[in-house]
Amino acid sequence: MDWLVADIGGTNTRCAIGAAGGSIARVATFRNREYPGLGDLLATYLDGLPPGERPRRAALAVAAPISGRRVRMINIDWEFTTDDLATRLRLEQVEVLNDFAALAWSLPALGAADLVQVGGGEARPRAAKVVLGPGTGLGTAGLVPVGERGWAAVAGEGGHTTLPAADDAEADLIRRARDRHGHCSAERLVSGPGLATLHELRTGTALTPEALGAAAAAGDPAAVASASAGFRLLGTVAGNVALAFGATGGVYIGGGIVPRHLELFERSGFRERFEAKGRYREYVAPIPVYVIVAPYPGLAGLLAYVARD
């Protein structure tokens with residue numbers, strides 16, 4: 001039986017139909033703010049399917065902490081329960097995962113064409129992996145081996161840990177962000193809105209995340225410098241997560257920002273910052289970092305999750 005799978009971020013939602021452990025079809029992307037709630041968005045997608053193709057089960061990847069049947073999203077004012085969704089959408093089963101936990105479930109199946117390696121050596125087989133990346137927020141998750149062949153995803157909220165500074169300039173930026181928000185998490189400066197905040201703190205110019213991304217892509221020096229500063233901060237965070245998990249199986253960068261600015265990311269100083277761990281530089285230096293360039297890894301991860309043993 002087919003599943004409705006949906007990757008629900010803070011800005012966009014991608015929906016598709018697929019079989020457990022199989023491929024996806026009928027992919028559609030929606031702008032979240034065009035809908036009053038998730039149920040309305042998913043109903044629009046399901047009502048548009050051909051007769052006879054409406055699935056009875058759903059697996060949802062949501063950019064929010066998952067701790068029960070009720071889910072409250074952080075970067076958009078949506079709240080729902082799995083029971084309400086099941087009733088409204090005539091579903092017999094609704095599975096909900098954190099969006100980066102779903103990404104973690106996709107990692108073992110990613111091939112060479114789905115990844116771009118940024119430094120390091122070869123991943124150790126059957127070793128812990130981590131995935132993180134900036135989009136509307138900053139998500140993190142781990143994937144750890146279980147038994148001889150299995151895996152288990154570990155959802156986390158590492159994007160909300162306190163952001164550390166690696167030099168005096170970063171310390172000043174973080175202090176000013178802390179003055180503004182009361183606490184400077186990694187997400188405050190390493191996400192789409194975070195990079196816009198970082199640019200404003202550096203230059204005094206306020207841009208939307210979309211305008212900043214377009215300016216960086218066009219080669220504007222100030223925008224390039226701000227994006228590079230954000231990617232170096234991401235390197236610090238990624239190295240910390242790699243150490244915390246012992247992620248010798250690889251660090252994977254997902255989210256919507258880095259793949260769109262891959263060349264800038266590669267020359268930003270991310271890798272140097274990732275390895276700048278003092279006495280543990282030799283530990284992290286061999287760890288490969290991969291940028292995920294597959295089009296719908298979160299949806300594939302959901303199908304891997306529902307196919308698990």
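The structure is a predicted model, in which local features need pLDDT of at least 70 and side-chain atom pairs count only at pLDDT 80 or more, whereas totals for chains, interfaces and linings use all residues. Residues are numbered from 1 along each chain as its sequence is written, and side-chain values use heavy atoms, with hydrogens and water left out. The protein contains 12 helices and 13 strands; helices (H or I, at least four residues) and strands (E, at least two) are DSSP runs, numbered from the N terminus.

**Overall dimensions and burial**

- The radius of gyration, taken over C-alpha atoms, is 19 Å, close to the 19 Å that the globule rule (2.2 Å times the number of residues to the power 0.38) gives for 309 residues, so the protein is as compact as a globular protein of that length.
- The C-alpha trace spans about 60 × 45 × 35 Å along its principal axes.
- Of the 309 residues, 51% are buried, that is, under 20% relative accessible area with a 1.4 Å probe, counting protein chains only.
- Among contacts (heavy atoms within 4.5 Å) with a separation of 6 or more, 66% are between residues 24 or more positions apart.

**The five-stranded sheet**

- An open sheet of mixed pairing is formed by 5 strands in the order β3-β2-β1-β4-β7; two strands pair if DSSP finds at least two bridges between them.
- Its edge strands are β3 (24-31) and β7 (93-98), each of which pairs on one side only.
- Neighbouring strands of this sheet are turned by 15° against each other on average, direction ignored.
- Strands β4 (residues 57-62) and β7 run parallel and are joined by 6 bridges, and L60 has V96 in β7 as its bridge partner.

**Helix α12 on the sheet**

- Helix α12 (residues 297-306) lies across β1 (2-8), β2 (12-19), β3, β4 and β7, and runs at about 135° to β1; axes are lines fitted to C-alpha atoms, for helices over the stretch in contact, and angles run from 0 to 180 degrees between N-to-C directions.
- In α12, 8 of the 10 residues are buried, leaving the helix mostly covered; among them are P297, G298, L299 and Y305.

**Packing of α7 and α8**

- The axes of helix α7 (residues 209-217) and helix α8 (residues 221-245) come within 7 Å and cross at roughly 110°.
- The two helices α7 and α8 are therefore roughly perpendicular, a class that covers 65 to 115 degrees.
- At this crossing, L212, A215 and A216 in α7 meet A223, V224 and A227 in α8.

Definitions and conventions:
Buried < 20%, exposed > 50% of the residue type's maximum accessible area, 1.4 Å probe, protein only. Parallel < 35°, antiparallel > 145°, perpendicular 65-115°, else oblique.
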